[in-house]
Structures are given as C-alpha cells and as structure tokens.
Amino acid sequence: MRCLICNNDSLRAYVNAGLDKGLSNVGISAGVFAIGGKLDTDVIARHKKAHWTRPVSPDAPRPTKRDLALTLRDKVAEGVDQGTLDVFDPEVQPVLKTGLQAEALLDKRAARSDGQKAAIQIAVLLAGGPGGLYAPPELTDGSEEDDVIEGHAVEVE
C-alpha cells in the first residue's frame with residue numbers, strides 16, 4: 001500500500017521537489033496550504049522516511065577514510081617541529097588550539113580502547129580462558145603421550 005502522497009502523482013512530484021530543494025516539512029505543508037490544499041507535516045515525514053531518497057550531486061565531496069584528528073595533529077606537530085609555526089604568534093594560536101584538541105581526542109580514544117581491552121581480559125580470565133581463574137591444570141607435558149595420573153579412588157558419601 002502506498003502512502004497518501006504517493007497516491008497522487010502531482011502531490012508526490014511537488015513534495016519530492018520540495019524535499020530535493022531542502023525545504024522543511026512545515027515549508028512544504030505551507031506551500032500545499034497556499035494553493036488550497038491541506039497536508040499534515042507527519043504525513044510528509046512518513047513519506048520522506050519511507051519513499052523519498054536524497055538526490056546525490058556528482059559534485060558533492062566524497063567521504064574520506066583518513067582520520068582527520070590524526071592528520072590535523074600530525075600537520076600541526078610538523079609545522080612546530082620545522083619552525084614554520086611560531087607557537088607565540090597570536091595568529092597561530094587557533095591552529096595550535098585545534099591541534100591540541102585533536103591530540104586530546106586521540107588520547108580519549110586510546111584510553112577508551114585500553115579500558116575495553118582490560119574489560120575483555122578480565123571477562124576471559126573469569127570465564128576460565130587461557131590462564132584464567134578457573135582454568136583446569138595442564139594434563140600433558142607437551143609430549144605426544146598423555147601423562148598418567150596415578151592414585152587411589154576413594155568413594156565419598
């Protein structure tokens with residue numbers, strides 16, 4: 001079953017054109033009202049979510065796989081090391097501030113990653129993983145033949 005907007009070809013063309021231009025749901029609804037119709041913004045929102053696809057411009061910038069924080073930190077550090085950025089120059093202060101913010105972001109990422117690794121290691125240890133608290137003792141000495149555990153069986157009541 002198609003939505004209310006999709007059932008009317010001219011309304012669908014009007015709404016999709018407005019969405020393509022970046023108009024808000026309220027703006028499109030007001031435009032429909034101005035020509036004598038009535039269209040609720042919730043109906044536009046549902047149509048937008050289910051039936052409309054955002055047009056992609058061929059000139060739009062493509063997403064990069066590079067980490068901007070790493071790039072920024074490295075470029076600022078390189079400029080300071082080479083002497084092309086004077087740390088005491090007031091015009092350079094915003095660049096240095098941005099570089100330090102990038103470094104702080106990278107430090108937070110590393111701390112979060114270290115915390116996650118520690119939590120996983122504790123979970124493995126508690127679950128009896130290699131070297132864990134409940135890990136059974138090794139029953140072989142590494143040779144091909146299994147060691148024999150000798151002893152006497154005692155029945156316990």
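How many helices and strands does the protein chain have? I counted five helices and zero strands, taking both as DSSP runs numbered from the N terminus (helices H or I, at least four residues; strands E, at least two). Along the sequence I read the pattern α-α-α-α-α.

Notes on the source. I am working from a predicted model, in which local features need pLDDT of at least 70 and side-chain atom pairs count only at pLDDT 80 or more, while totals for chains, interfaces and linings use all residues. Residues are numbered from 1 along each chain as its sequence is written, and side-chain values use heavy atoms, with hydrogens and water left out.

Whole chain. I looked up burial and found that 18% of the 157 residues count as buried (under 20% relative accessible area; exposed is over 50%, partly exposed in between; 1.4 Å probe, protein chains only). The chain exposes about 13,000 Å², and carbon and sulfur atoms supply 57% of that area. For contacts (heavy atoms within 4.5 Å), I noted that 40% of those with a separation of 6 or more join residues 24 or more positions apart.

Helix α2 with α3. I found α2 (residues 25-34) packed on α3 (residues 41-50) at an angle of about 120 degrees, the axes 9 Å apart. That angle makes α2 oblique to α3 (under 35 degrees is roughly parallel, over 145 roughly antiparallel, 65 to 115 roughly perpendicular, the rest oblique). Axes are lines fitted to C-alpha atoms, for helices over the stretch in contact, with angles from 0 to 180 degrees between N-to-C directions. From α2, Asn25, Val26, Ile28 and Ser29 take part; from α3, Thr41, Ile44, Ala45 and Lys48. Sorted by class, I have four nonpolar, three polar and one charged residues (nonpolar: Ala, Val, Leu, Ile, Met, Phe, Trp, Tyr, Cys and Pro; charged: Asp, Glu, Lys and Arg; polar: the others, Gly among them).

Helix α1 with α3. I see the axes of α1 (residues 9-20) and α3 come within 11 Å and cross at roughly 75 degrees, which makes α1 roughly perpendicular to α3. Arg12, Val15, Asn16 and Leu19 of α1 meet Ile44, His47 and Lys48 of α3. This contact has three nonpolar, two polar and two charged residues.

Valine 43. I placed valine 43 in helix α3. Why does valine 43 count as buried? Its relative accessibility is 14%, so it counts as buried. Setting aside neighbours within four places in sequence, I list Leu4 and Ile5 as contacts of valine 43. Asparagine 25 lies 18 residues from valine 43 in sequence and 9.0 Å from it in space, C-alpha to C-alpha.

Conventions:
Areas by Shrake-Rupley, 256 points an atom, 1.4 Å probe, with all protein chains shown as cover.
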